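Dear colleague,

My notes on what was found in it follow directly after.

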Amino acid sequence: MSKSYIRIALIGAGRWGKVYINSINSMPNVNLSCIASSNTEIQYTLPDECVVFSDWREALTYKNIDGIIIATPPASHAEIAEVAIKGCLPVLIEKP
């Protein structure tokens, strides 16, 4: 049986992270499975089933994801992307 939706992990919930949250929430076949952020203000906009991590490393080991979006400060992009790619996860990186 194949799943009918894509499960996304979002790393970062600052200005651009919030844009991604809104975009993902508007897509019927995409599910925001987890988010990693130290920004607790965004929690009210998350789906009930979304798991929140304070460390991005925890989000990358979460089993219920098909890919990640990195929306963190540019200096952290390479490190997060490298770990995700080594874990065979598709990655979208927000441009600086």
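The buried residues of helix α1 are covered by elements that include the strands β1 (6-11), β2 (30-36), β4 (67-70) and β5 (91-93). Please bear in mind that this is a predicted model.

The residues in question are Gly-17, Tyr-20, Ile-21 and Ile-24, which are buried within α1, a helix that comprises residues 15-25. Around the helix axis these residues cover an arc of only 105°, and they therefore lie on the same side of α1.

As to the overall architecture, the protein chain contains three helices and five strands. Read from the N terminus, the order of the elements is β-α-β-β-α-β-α-β. The chain has a radius of gyration of 12 Å, close to the 12 Å given by the globule rule for 96 residues, so the chain is as compact as a globular protein of that length. The C-alpha trace spans about 40 × 30 × 20 Å along its principal axes.

Turning to the interior, 42% of the 96 residues are buried. Of the contacts with a separation of 6 or more, 50% are made by residues 24 or more positions apart.

With kind regards

Notes
Residues are numbered from 1 along each chain as its sequence is written. This is a predicted model: local features need pLDDT of at least 70, side-chain atom pairs count only at pLDDT 80 or more; totals for chains, interfaces and linings use all residues. Side-chain values use heavy atoms; hydrogens and water are left out. Buried means under 20% relative accessible area, exposed over 50%, partly exposed in between (1.4 Å probe, protein chains only). Helices (H or I, at least four residues) and strands (E, at least two) are DSSP runs, numbered from the N terminus. The arc is that of the directions from the helix axis to the C-beta atoms. Contact means heavy atoms within 4.5 Å. The radius of gyration is taken over C-alpha atoms; the globule rule is 2.2 Å times the number of residues to the power 0.38.
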